Amino acid sequence: MVRITEGKAKVYVNNAVFYNPRMKGLRDLSVSFLKAIGCEDKRVLDATAATGIRAIRYAKECKAKKVVALDINRDAYNICRKNIRLNRLKIDAKNMSIREYASNCRDKFEIVDFDPFGSPAPVLHDLLTLCGDGSIIMVTATDTAVLCGAHAAACIKVYGSKPLHNELCKEVGIRILLNYISRTASQFNFGILPLLSVSDMHYMRVFARLEFGASNAVGSVNSNGLGSFCRKCYKFAFARGIAPSIEGVCPTCKSKVELFGPLWLGQLYDKGILSKMRKNSDLKIIRTISDEYDTLLFYSVPKITKLLCRSSVSQRRVIESLLRSGKEATRTQFDIDGVKTDAEPQRILSLIKKL
Ligand SMILES: C[S@@+](CC[C@H](N)C(=O)[O-])C[C@H]1O[C@@H](n2cnc3c(N)ncnc32)[C@H](O)[C@@H]1O
Ligand SMILES: [Zn+2]
């Protein structure tokens, strides 16, 4: 057993219980998010606590009013209790599954952190029974190969969506996850409002507010839809709603398009929260996301130059030139060479030809 420090938490870690130091950045991001929305009057459930590192950081750094740390694993529960004592905190540790806890618990939590191994899909339903109007859920998925289309059949099976297996896959994957969450939440009469969505390394994580009421639930289900992508001219198109019709050929060049979805077509971020996060943290990912133009998908500069059989052009020059022509244009967290813009692909292609 070794003792480590992360943020303001001191924790013992050992080989029997999950602790990944490389996920510190994601935990820092979650702390920054909770500081931005304010936690002093909120009850927080860390539903997959492992060593208790998040529960402890939320109590110490975000000053959460009450924290419950849950884990199904006995070793995790034991080390979590030891770590709570080490930090002199009053966190309620529980050794049971989320299903067991949800079926016995009368409390609702304003904040629920869910950080499972692999997909969050099988347990999401139980977790939502612990939420009320205005609750915030923070959900991690590490089955990114599934969401990004390396295993398309698994994505169809688990999430009910057809993924896209190309440079757009991370954003499509996060939107497939949000589609799944919105449909599951709607069974409880909740609509969802995504406040922050992050894709990094081998994980995706979404932060969303639940809004109670039939019209919220229907509205958010209707914020999903289908997408199409044309490899020949880089046109993507979307059809919103529960039973949308979408063309199988590209509206621009009439080539056969690749269809994907259903996926979430609404917002990924709340810029107000991001600007508060920028003030309480200097994480690079927060800067990238808060500068990002929140629109559907993006253009990969190297893919377009390849399509045009041109030599490479820098992303910075493409962004500058789009901005000069009066368009929105920013980098994106989803692709180091990607550009988010409101410009049509023909315009981007002709602009890149001139650079
Ligand atoms: C990826 S680890 C969590 C890591 C932790 N959040 C961190 O940042 O270090 C997932 C944990 O969830 C626990 N777990 C898995 N399924 C569970 C369930 N159905 N109910 C409660 N805990 C569960 C596992 O025992 C494991 O400790
Ligand atoms: Zn086309």
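Modeller: Helices (H or I, at least four residues) and strands (E, at least two) are DSSP runs, numbered from the N terminus. This is a predicted model, in which local features need pLDDT of at least 70 and side-chain atom pairs count only at pLDDT 80 or more, while totals for chains, interfaces and linings use all residues. Residues are numbered from 1 along each chain as its sequence is written, chains are lettered from A and ligands numbered from 1 in the order in which they are written, and side-chain values use heavy atoms, with hydrogens and water left out.

Biologist: Which helix gives the largest share of the lining of the largest pocket?

Modeller: On a 1 Å grid over the protein atoms alone, a pocket is an open set of points where a 1.4 Å probe fits, with protein on both sides within 12 Å along at least five of seven lines, and lining residues have an atom within 4 Å of a point. The lining of the largest pocket has 31 residues, with Thr48, Asp71, Asp115, Pro116 and Phe117 nearest its centre. Helix H2 (53-61), helix H4 (98-104) and helix H5 (121-128) each supply at least two of the lining residues. The largest share, three residues, comes from H5.

Biologist: What is the arrangement of the four donor atoms around the zinc ion (ligand 2)?

Modeller: Donors are N, O and S atoms within 2.8 Å of the metal (3.2 Å for Na, K and Ca), and since water is not among the atoms, sites may look incomplete. Here the protein donors are the SG atoms of Cys230, Cys233, Cys250 and Cys253, lying 2.3 Å from the zinc ion (ligand 2). Four donors count as tetrahedral if all angles lie between 85 and 135 degrees. The donor atoms subtend angles of 101 to 120 degrees, so the arrangement is tetrahedral.

Biologist: Is Cys230 buried or exposed?

Modeller: Buried means under 20% relative accessible area, exposed over 50%, and partly exposed in between (1.4 Å probe, protein chains only). Cys230 has 0% relative accessibility, and therefore counts as buried.

Methods:
Four donors count as tetrahedral if all angles lie between 85 and 135 degrees; four count as square planar and six as octahedral if opposite donors are over 155 degrees apart and all others between 65 and 115; anything else is irregular.
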